Amino acid sequence: MTRRILPFLSPALLALLLFVAFPMVWVFRTSFNELAEGAYIVEAMTLENYTRFLTEPWYLVNTLWFSVRIALLATAISVICAYPVALYIAKTSGLQRNVLMALTMAPLLIGLVTLVYGWIVIFRGGGLMNSLMIALRVYDQPVRYMWDIKGVVILLVYIGTPYIVLSLLDSIERINPFLVEAARNVGANRWTAFWKIVFPLSTPGLYAGLVIVFSLNFAAFAVPLMIGDSNTQMIGLVIYREALLNNDLPFASALSVIMVSVNAWLILGMSALAGRLILSRLEAKR
């Protein structure tokens, strides 16, 4: 069986080695090098690049913790936006479902740079966002979205929501609709039926979406670069500045390793939390 499958897996394994494993090994090795005068890299085995970041409170607070906070905020808002959309699409069929799915996936079908430029037009002072909010009397004066963290969060939510919708749909469509109907028949309102039945049973899809979206938000680069101000300190943007503007590849590599490691630990933490929530609800039902 293994011999039959191996020829089909070989191209995929080769691609993973060439474009994932080897670059990560190179980045990891470079993170231990030193930077000499004139932006020359000196082969070494030092932890200076890691200690420079991990022992400096400014980096920990204004880069690492700031990136985690923005990623968590954008991911949480994406979840809140995704659930109603996924629940509605799950009840549709035919042409209506196809149209809704196409609209949901539209942000994923457009190049990221093109997408950001479109939102720049919406975010500018006299753009659609401010004009609409003023017309609806949400506020009286134009609000600054460009070169501001508000615009970054809105765009991260816009990009991340479709991933969570698609992940939730698979789980929601597996839920027996008679369970919700039975809960409504015994007096449960819509919120109770959702919280007690739909939410626990859709947790696997929710977790899959959270992993994807949080990882993208935490490592975001293009969005904060084009929408955020010049002092935005999200870790992906800091890595870009250190590598290409300051020519400090060893420090940028160390930041990359730290970013991947923190991301992995946070995902493991979310996995453990999701597992506990599922087990606790199963035990409560027993």
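Is Phe 32 buried or exposed, going by its relative accessibility?

Modeller: A caveat comes before the details: this is a predicted model. Phe 32 has a relative accessibility of 12%, which is under the 20% cut-off, so Phe 32 counts as buried. Its ring forms an aromatic pair with that of Phe 28. The ring centres are 5.1 Å apart and the planes make an angle of 85°, an edge-to-face arrangement. Phe 28 has a relative accessible area of 44% and is therefore partly exposed.

The search over the whole structure returns 16 aromatic pairs. Another of them is formed by Phe 194 and Phe 199, with 6.2 Å from centre to centre and 55° between the planes, which is classed as tilted. Here Phe 194 is buried at 16% relative accessible area, and Phe 199 is buried at 17%. Both residues belong to one aromatic cluster, together with Tyr 83, Trp 191 and Trp 195.

Phe 199 also takes part in a helix contact. In helix α9, Phe 199, Pro 200 and Leu 201 meet Thr 203, Pro 204 and Leu 206 of helix α10. By class, the residues of this contact are five nonpolar, one polar and no charged. Helix α9 spans residues 190-201 and helix α10 spans residues 203-218. Their axes come within 5 Å and cross at roughly 55°, which makes α9 oblique to α10.

A second pair of helices is α5, residues 112-123, and α6, residues 128-135. The axes of α5 and α6 come within 5 Å, and their crossing angle is roughly 40°. This angle makes α5 oblique to α6. On the α5 side the contact uses Trp 119, Val 121, Ile 122 and Phe 123, and on the α6 side Leu 128, Met 129 and Asn 130. Six of these residues are nonpolar, one is polar and none is charged.

Helix α3 covers residues 57-90 and helix α12 covers residues 235-245; their axes come within 8 Å and cross at roughly 125°. The two are therefore oblique to each other. Tyr 59, Thr 63, Leu 64 and Ser 67 of α3 make the contact with Ile 235, Val 238 and Glu 242 of α12. This contact has four nonpolar, two polar and one charged residues.

Helix α12 is largely enclosed by the rest of the structure, because eight of its eleven residues are buried. The buried residues of α12 include the contact residues Ile 235, Val 238 and Glu 242. Gly 236, Leu 237, Ile 239, Arg 241 and Ala 243 are buried in α12 as well. Just after α12, Asn 247 has a positive phi of about 55°.

Elsewhere in α3 lies Ala 76. Ala 76 counts as partly exposed, since its relative accessibility is 38%. The C-alpha atom of Ala 76 is 8.7 Å from that of Leu 210, although the two residues are 134 residues apart along the chain.

The charged end of Arg 52 sits over the ring of Phe 251, at 3.7 Å from the ring centre.

Notes. Residues numbered from 1 in each chain as written. Predicted model: local features only at pLDDT ≥ 70, side-chain atom pairs only at ≥ 80, totals over all residues. Heavy atoms only, no water. Axes fitted to C-alpha atoms, helices over the stretch in contact; angles between N-to-C directions. Helix = DSSP H or I, 4+ residues; strand = E, 2+ residues; numbered from the N terminus. Parallel < 35°, antiparallel > 145°, perpendicular 65-115°, else oblique. Contact = heavy atoms within 4.5 Å. Nonpolar A, V, L, I, M, F, W, Y, C, P; charged D, E, K, R; others polar. Buried < 20%, exposed > 50% of the residue type's maximum accessible area, 1.4 Å probe, protein only. Phe/Tyr/Trp six-rings, centres within 6.5 Å; stacked < 30°, edge-to-face > 60°. Lys NZ or Arg CZ within 6 Å of the ring centre and 35° of its normal.
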